[in-house]
Amino acid sequence: MKAIIFDFDGTLADTLPVCFYAFQAVFKDFDNKEVTPDEIKAMFGPSETGIIRENLMDSNYDKAIELYYEKYSEK
């Protein structure tokens with residue numbers, strides 16, 4: 001055996017609550033909008049930055065993405 005591949009996210013760590021927390025902070029701070037975990041799940045498909053770029057009404061995407069990763073790192 002030369003390698004072992006782990007699916008870290010969802011297998012070794014449950015990061016969904018952290019993602020929800022970070023997305024909720026972004027949508028609250030930039031769009032003044034409360035979003036539920038189910039609403040966030042419905043946005044899944046693109047990457048985190050893609051979700052922000054495709055769903056945020058405020059066009060300050062770079063700052064929103066920065067906040068997402070700050071909030072993600074907090075948890």
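Student: Which residue forms a salt bridge with E34?

Tutor: This is a predicted model, where local features need pLDDT of at least 70 and side-chain atom pairs count only at pLDDT 80 or more, while totals for chains, interfaces and linings use all residues. Residues are numbered from 1 along each chain as its sequence is written, and side-chain values use heavy atoms, leaving out hydrogens and water. A salt bridge needs a side-chain nitrogen of Lys or Arg within 4 Å of a carboxyl oxygen of Asp or Glu. The closest N and O atoms here are 3.3 Å apart, and the partner of E34 is K28.

Student: Which residue meets R53 in a salt bridge?

Tutor: Side chains of opposite charge can pair when their charged atoms come close. The N to O distance is 3.3 Å, and the partner is D62.

Student: By about how many helical turns are K71 and E74 separated?

Tutor: These two side chains meet in a salt bridge too, at 3.5 Å from N to O. Helices (H or I, at least four residues) and strands (E, at least two) are DSSP runs, numbered from the N terminus. Because K71 and E74 are 3 residues apart in helix α4 (residues 61-74), they are separated by about one helical turn.

Student: What accessible area do M1, I4, F6, F8 and L12 have together?

Tutor: Patches take residues with over 30% relative accessible area and no salt bridge, joining like charges within 9 Å and nonpolar side chains (Val, Leu, Ile, Met, Phe, Trp, Tyr) within 5 Å. One member, I4, is exposed at 59% and sits in the segment before α1 (16-31). Areas come from the Shrake-Rupley method with a 1.4 Å probe, and for residues only the protein chains shown count as cover. These residues form a nonpolar surface patch of about 680 Å².

Student: How many helices are in the chain?

Tutor: From the N terminus on, the elements run α-α-α-α. There are 0 strands, and the number of helices is 4.

Key: Buried means under 20% relative accessible area, exposed over 50%, partly exposed in between (1.4 Å probe, protein chains only).
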